[in-house]
4 protein chains.
Amino acid sequence: MNSIGRLFRLTTFGESHGDSIGGILDGCPAGLSLDFELIQSELDRRKPGQSTITTERKESDVVKFRSGIFEGKTTGASIGFSIVNSNQNSKDYSHLKDSYRPSHSDFTYSKKYGLRDYRGGGRSSARETANWVVAGAIAKQLLSQVKINAYVSSVGPVFIDKNYSELDFSKIENNTVRCPDEATAQKMIELIESIKSEGDTVGGVISCVVQNAGVGLGEPIFNKLHANLGHALLSINAVKGVEFGSGFCASEMRGSEHNDLFNTDGTTKTNRSGGIQGGISNGMDIYFRVAFKPASTIMQSQQSINNSGQEIALDAKGRHDPCVVPRAVPIVEAMTAMVLADFYLLNRTSKL
Amino acid sequence: MNSIGRLFRLTTFGESHGDSIGGILDGCPAGLSLDFELIQSELDRRKPGQSTITTERKESDVVKFRSGIFEGKTTGASIGFSIVNSNQNSKDYSHLKDSYRPSHSDFTYSKKYGLRDYRGGGRSSARETANWVVAGAIAKQLLSQVKINAYVSSVGPVFIDKNYSELDFSKIENNTVRCPDEATAQKMIELIESIKSEGDTVGGVISCVVQNAGVGLGEPIFNKLHANLGHALLSINAVKGVEFGSGFCASEMRGSEHNDLFNTDGTTKTNRSGGIQGGISNGMDIYFRVAFKPASTIMQSQQSINNSGQEIALDAKGRHDPCVVPRAVPIVEAMTAMVLADFYLLNRTSKL
Amino acid sequence: MNSIGRLFRLTTFGESHGDSIGGILDGCPAGLSLDFELIQSELDRRKPGQSTITTERKESDVVKFRSGIFEGKTTGASIGFSIVNSNQNSKDYSHLKDSYRPSHSDFTYSKKYGLRDYRGGGRSSARETANWVVAGAIAKQLLSQVKINAYVSSVGPVFIDKNYSELDFSKIENNTVRCPDEATAQKMIELIESIKSEGDTVGGVISCVVQNAGVGLGEPIFNKLHANLGHALLSINAVKGVEFGSGFCASEMRGSEHNDLFNTDGTTKTNRSGGIQGGISNGMDIYFRVAFKPASTIMQSQQSINNSGQEIALDAKGRHDPCVVPRAVPIVEAMTAMVLADFYLLNRTSKL
Amino acid sequence: MNSIGRLFRLTTFGESHGDSIGGILDGCPAGLSLDFELIQSELDRRKPGQSTITTERKESDVVKFRSGIFEGKTTGASIGFSIVNSNQNSKDYSHLKDSYRPSHSDFTYSKKYGLRDYRGGGRSSARETANWVVAGAIAKQLLSQVKINAYVSSVGPVFIDKNYSELDFSKIENNTVRCPDEATAQKMIELIESIKSEGDTVGGVISCVVQNAGVGLGEPIFNKLHANLGHALLSINAVKGVEFGSGFCASEMRGSEHNDLFNTDGTTKTNRSGGIQGGISNGMDIYFRVAFKPASTIMQSQQSINNSGQEIALDAKGRHDPCVVPRAVPIVEAMTAMVLADFYLLNRTSKL
């Protein structure tokens with residue numbers, strides 16, 4: 001359904017071309033002083049039209065809070081919020097009424113529900129992720145001591161050839177692609193611009209490092225920290241895979257080289273686990289990688305079918321991202337923050 | 001907590017060295033005739049001591065059902081079951097009482113809960129997965145028309161160099177490593193035996209293909225089919241990553257090569273999506289890969305610490321798997337079946 | 001938290017003096033054609049200022065839907081809606097900033113959360129119930145064949161001295177107190193007007209009869225139909241008790257007189273069970289009674305305390321209901337409809 | 001489904017004539033030293049065959065814990081437990097295979113599920129409540145400072161004509177009917193014995209008083225303390241109604257007499273609210289009343305129908321309770337304790 005989280009719980013609504021999107025954040029503890037500028041700045045990191053390598057579509061994406069906050073502080077009541085869809089234009093999509101776009105949800109939604117809001121992807125639009133960024137920005141403030149840094153580590157075949165420990169996270173926002181390695185960033189930007197000029201799209205990978213999360217977040221068995229993070233991250237549009245710590249590389253390793261040996265203070269000499277042991281944070285950096293496919297909407301003519309099973313030619317219209325990965329950086333952070341906030345609260349009930 | 005699923009919901013209990021493990025399966029529809037031999041055969045696929053490449057520890061793993069079944073059929077009541085721990089011997093573990101084994105949950109459990117059942121990993125033991133196999137075997141019967149085939153596609157650096165469509169799934173059980181490509185299987189077995197002789201362990205990858213699941217499984221936004229599958233798969237001990245369809249490779253591709261174009265019958269010419277569009281099954285094969293790290297318990301002396309922060313030397317005892325991947329094949333299938341069963345029931349409520 | 005229902009699930013937000021209240025209805029099946037006038041008419045039945053026996057406060061209570069509906073039909077996406085608080089005036093409440101009103105939530109909210117939105121009761125205001133009426137009106141349309149009739153059966157000591165089967169439910173809306181027995185209704189109205197003139201309030205009882213719900217709604221053990229109805233009804237502001245079928249009278253009866261004997265068609269000769277056996281609807285009329293305390297806000301001076309523990313004199317301001325029961329009739333119906341809708345969907349998964 | 005509670009969560013299984021019943025208690029904090037004798041003594045209070053006024057059926061009802069406890073303390077892992085059905089004899093029930101007993105769940109279960117475990121009521125049997133008593137006894141230990149006293153306040157027309165504050169709760173266990181007023185207790189016992197001799201049954205009321213629960217338990221809107229208590233109490237077999245504090249009497253009162261005025265220490269001069277304001281405990285005694293119908297199984301011949309719709313004559317067999325209320329006292333306490341424990345944990349997350 002449309003909720004995520006057990007205690008720190010977000011429920012959302014909204015289609016790309018309805019009058020607004022929004023959500024209800026439940027379970028945020030009372031007494032949290034909110035920095036509204038920080039929330040808006042996170043939304044600005046996600047919004048379209050930021051740079052030459054994102055869609056040129058402009059959306060102001062101003063969040064308005066409706067409840068749960070009094071004199072600048074959370075009250076313990078549910079926090080309602082909404083974001084007006086200022087730029088919707090339903091006429092843009094009338095040509096899609098009967099068409100199924102390749103690698104979109106048009107076909108599956110139509111079959112599952114028997115009807116479909118065909119305007120701009122409807123509920124399946126990544127516009128929804130703006131809601132997540134709002135809730136994530138509140139989660140970040142609840143977890144003020146935790147540092148969450150996501151960045152673009154690859155675009156197509158261009159990748160950062162360094163361990164995260166060699167990177168300066170303060171440089172992530174220095175370029176439009178959100179890659180902290182400046183030389184690689186320039187190559188990524190050039191690649192995206194080139195692909196954009198061809199009317200094509202390209203995928204990429206976002207890496208994320210969480211520092212200072214402490215020991216004890218996550219629950220044994222079915223709510224392991226990485227399982228719930230994986231669930232949240234795989235909910236992001238276009239994500240095709242996640243890996244934690246050593247990830248897929250671990251499958252090629254031996255135990256004697258993979259095991260993280262302890263220092264006497266309980267830290268570990270290596271961190272192949274990615275900061276999680278037995279599903280619970282161990283105080284080391286939590287890190288993981290998230291793979292994004294290239295966006296399905298391309299500015300090229302494609303063959304497709306309509307809902308009568310007839311072949312049609314699809315010509316894309318509108319303004320779309322040639323690479324969604326730079327704008328997905330704050331989304332990855334938001335999902336991470338929400339999962340951590342949920343476990344932070346749950347962990348208050350672990351011991352007598 | 002210790003439950004998974006929304007409608008088809010499993011809740012479990014049990015430590016490796018308690019008297020038994022077990023679970024309660026809630027929400028299984030009434031009227032399902034159960035094949036108990038099939039359930040037991042799934043448990044037998046998972047149990048230790050099957051072959052020269054698994055642990056030599058013998059566990060009979062006989063499931064006993066306690067409720068919810070009458071005259072061979074499910075009644076709609078919750079299905080209680082348990083499996084006796086026939087082989088536990090708590091003395092084996094007294095040397096671990098104060099020790100933290102590297103890359104185990106000893107440290108995190110102790111810190112989170114303030115105490116720890118140190119016998120054989122306690123709740124964190126993979127013995128728990130026998131419960132999942134029981135519930136998964138029931139899910140498979142509920143979804144009798146769906147075919148779920150998992151297999152070992154790599155062990156350490158040895159991998160099957162073929163697309164799944166070139167494999168004959170009927171050969172998966174023909175060898176002890178559960179690899180349907182016989183030549184590769186032999187190399188895997190040799191590698192595992194070699195690593196075992198060194199007292200070491202090795203990781204691997206399990207691939208899984210789901211056929212005939214139909215259109216409509218999965219929910220938009222936070223319960224996408226692959227997000228819930230990812231959650232379930234990342235709950236399996238030692239799993240470090242998952243990828244669906246094109247997975248991490250998608251990050252290097254362009255939209256024009258990644259998009260799956262439609263045939264006029266609604267099937268697609270390619271299946272890079274892995275059978276899921278917009279979080280919902282589209283009727284094509286669902287496929288994904290699951291990465292396992294090498295098991296942490298190795299038969300080599302390791303430096304570690306105790307709960308006073310003193311350095312200690314750890315010498316492993318007991319009988320352990322040099323490679324957990326072959327025995328994890330039925331576990332991957334079980335988790336997959338449970339997630340599909342849950343969405344199958346939920347999908348009954350999608351339309352008027 | 002702020003959600004109710006398992007499949008047909010409402011999550012709400014809003015304080016009486018925020019800019020709006022609203023909710024997200026999740027799980028409503030796709031394809032339901034909504035009658036928006038019916039939804040608004042239900043809101044109008046609940047709104048203040050309807051008559052001489054309710055508060056004179058005027059609130060227009062117009063619901064605006066934000067999502068989940070396309071071309072008049074539900075799409076399967078979450079349905080977001082909101083209702084503007086047109087009449088809020090925060091100055092009215094500044095005198096309550098530090099005061100705890102007797103038998104309100106001021107004291108408990110302040111202690112639980114450490115702070116409180118003191119404007120008009122904040123989250124604890126019965127204004128929230130307008131959200132429920134919206135969701136309930138959709139539930140009623142989902143269950144179009146089911147008839148839900150609630151009515152006022154007593155106000156203070158004045159009660160209808162008849163079995164519900166002797167009443168004509170079509171007369172419920174014929175008078176302002178929503179009592180289908182006209183003679184009793186007049187006495188109730190006179191009593192309320194008299195109490196209003198004294199600046200006092202009075203309690204009452206609402207009875208509710210559900211017809212044509214069919215057999216099979218409700219789940220064994222912890223989600224019995226009457227347990228979930230009880231939960232929903234006790235969530236309504238001012239409710240102090242509920243009873244189903246024979247209710248408290250059953251405690252004085254013998255089994256031989258209480259048992260409902262069967263007719264050969266499966267109906268029962270009597271219906272002391274109130275249409276529920278073993279927690280599951282049996283096809284007979286479901287009926288129950290809901291007790292409301294007198295509203296706590298009275299137009300009389302009361303002694304109270306402030307948050308420093310000092311005695312104060314409280315003089316009520318504003319316009320309040322002398323008897324909340326007539327306006328609670330649509331709320332009781334809405335909660336009933338939501339619970340039934342939830343079980344209606346859940347029941348689709350009971351059998352193979 | 002078969003779970004109750006959000007954080008302190010019990011899931012159960014078992015039919016009256018299966019080999020055992022049991023449950024999994026999830027979310028109990030780690031580090032709680034369990035008094036197993038206390039748990040067993042609570043079970044003994046519930047078990048059949050205690051006295052001349054209960055069923056003569058003997059069941060030993062010994063609980064065996066399977067997990068989640070190590071060296072006498074909870075570990076934070078799920079607590080599995082079971083109770084063997086020592087006395088089942090399926091032959092006793094073969095005559096009920098095709099019959100629907102009046103005011104039992106035979107008819108509704110059969111229609112809902114398409115089949116039914118007809119042995120002794122199957123899942124609908126009150127034997128299930130033994131599971132609740134186990135979990136409740138653990139909840140009581142978690143809430144060691146809270147005092148929960150339930151007692152029988154009426155049997156048929158015989159009732160205690162005193163306020164609870166005039167009673168000495170230490171006398172509750174002094175007689176077999178669990179009524180702390182000795183003179184009334186004797187009348188109740190005589191009534192039950194008389195009714196038993198006629199082969200009939202009788203209903204009654206259980207009152208419950210919770211002391212020292214503190215301020216802050218319960219959540220606004222849909223998880224009000226009394227709403228969740230009501231849900232739990234209405235889950236108990238044979239319960240037809242609940243009322244909190246002033247209850248149904250409140251419906252006849254005026255606000256000026258019903259309001260609880262404050263003392264300067266935040267306590268109230270009266271306690272008509274029953275210790276709950278706005279759904280949250282206010283530190284005063286929580287009290288409520290629970291109405292039980294007479295048990296449906298009577299030792300008299302009754303007319304009924306079979307599953308072919310034919311009239312049959314039913315003659316009851318076996319040994320049954322003439323009045324279930326005395327044995328339900330520990331069940332009411334157990335449900336109360338579980339709800340309080342759940343809110344106690346949840347309340348840890350209310351404030352920053």
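This is a predicted model: local features need pLDDT of at least 70, side-chain atom pairs count only at pLDDT 80 or more; totals for chains, interfaces and linings use all residues.
Colleague: What area is buried between chain B and chain A?

Modeller: The size of an interface is often given as the accessible area lost when the parts come together. Here about 8,200 Å² is buried between chain B and chain A, and carbon and sulfur atoms give 59% of that area; the value is the accessible area (1.4 Å probe) that the two parts lose, summed over both.

Colleague: How many salt bridges and polar contacts are there between chain B and chain A?

Modeller: The count between chain B and chain A is four salt bridges, each being a side-chain nitrogen of Lys or Arg within 4 Å of a carboxyl oxygen of Asp or Glu. One of the salt bridges joins the side chains of B:Glu219 and A:Lys112, at 3.2 Å from N to O. Across the interface of chain B and chain A there are also 52 residue pairs in polar contact, both residues being at pLDDT 80 or more; a polar contact is a pair of N or O atoms within 3.5 Å, one able to donate a hydrogen and the other to accept it within protein, and residues adjacent in sequence count only if both atoms are side-chain atoms.

Colleague: Which rotation superposes chain B on chain A?

Modeller: Two copies of a chain are related by a rotation about an axis and a shift along it. For chain B and chain A the rotation is 180°, with 0.0 Å of shift along its axis and an RMSD of 0.0 Å, superposed by least squares on the C-alpha atoms of residues with pLDDT of at least 70 in both. The two copies are therefore related as by a two-fold rotation axis. In chain B, the C-alpha nearest the axis belongs to B:His231, which lies 2.5 Å from it. Of the interface residues of chain B, 100% are also interface residues in chain A, so these copies meet through the same surface.

Colleague: What does the interface of chain C and chain A look like in numbers?

Modeller: Here 39 residues of chain C are in contact with 40 residues of chain A, and the buried area is about 3,000 Å², with 60% of it from carbon and sulfur atoms. The rule finds four salt bridges across this interface, among them the one in which the side chains of C:Asp19 and A:Arg66 meet at 2.5 Å, N to O. Between chain C and chain A there are eight residue pairs in polar contact, both at pLDDT 80 or more.

Colleague: Where does the loop residue D:Thr268 sit, and is D:Thr268 buried or exposed?

Modeller: D:Thr268 is placed in the loop between helix H6 (255–258) and strand S13 (276–277) of chain D, helices (H or I, at least four residues) and strands (E, at least two) being DSSP runs numbered from the N terminus. At 8% relative accessibility D:Thr268 counts as buried, because buried means under 20% relative accessible area, exposed over 50% and partly exposed in between (1.4 Å probe, protein chains only). A polar atom of the D:Thr268 side chain lies 2.6 Å from the backbone oxygen of D:Thr270.

Definitions and conventions: Residues are numbered from 1 along each chain as its sequence is written. Chains are lettered from A and ligands numbered from 1 in the order in which they are written. Side-chain values use heavy atoms; hydrogens and water are left out. Contact means heavy atoms within 4.5 Å.
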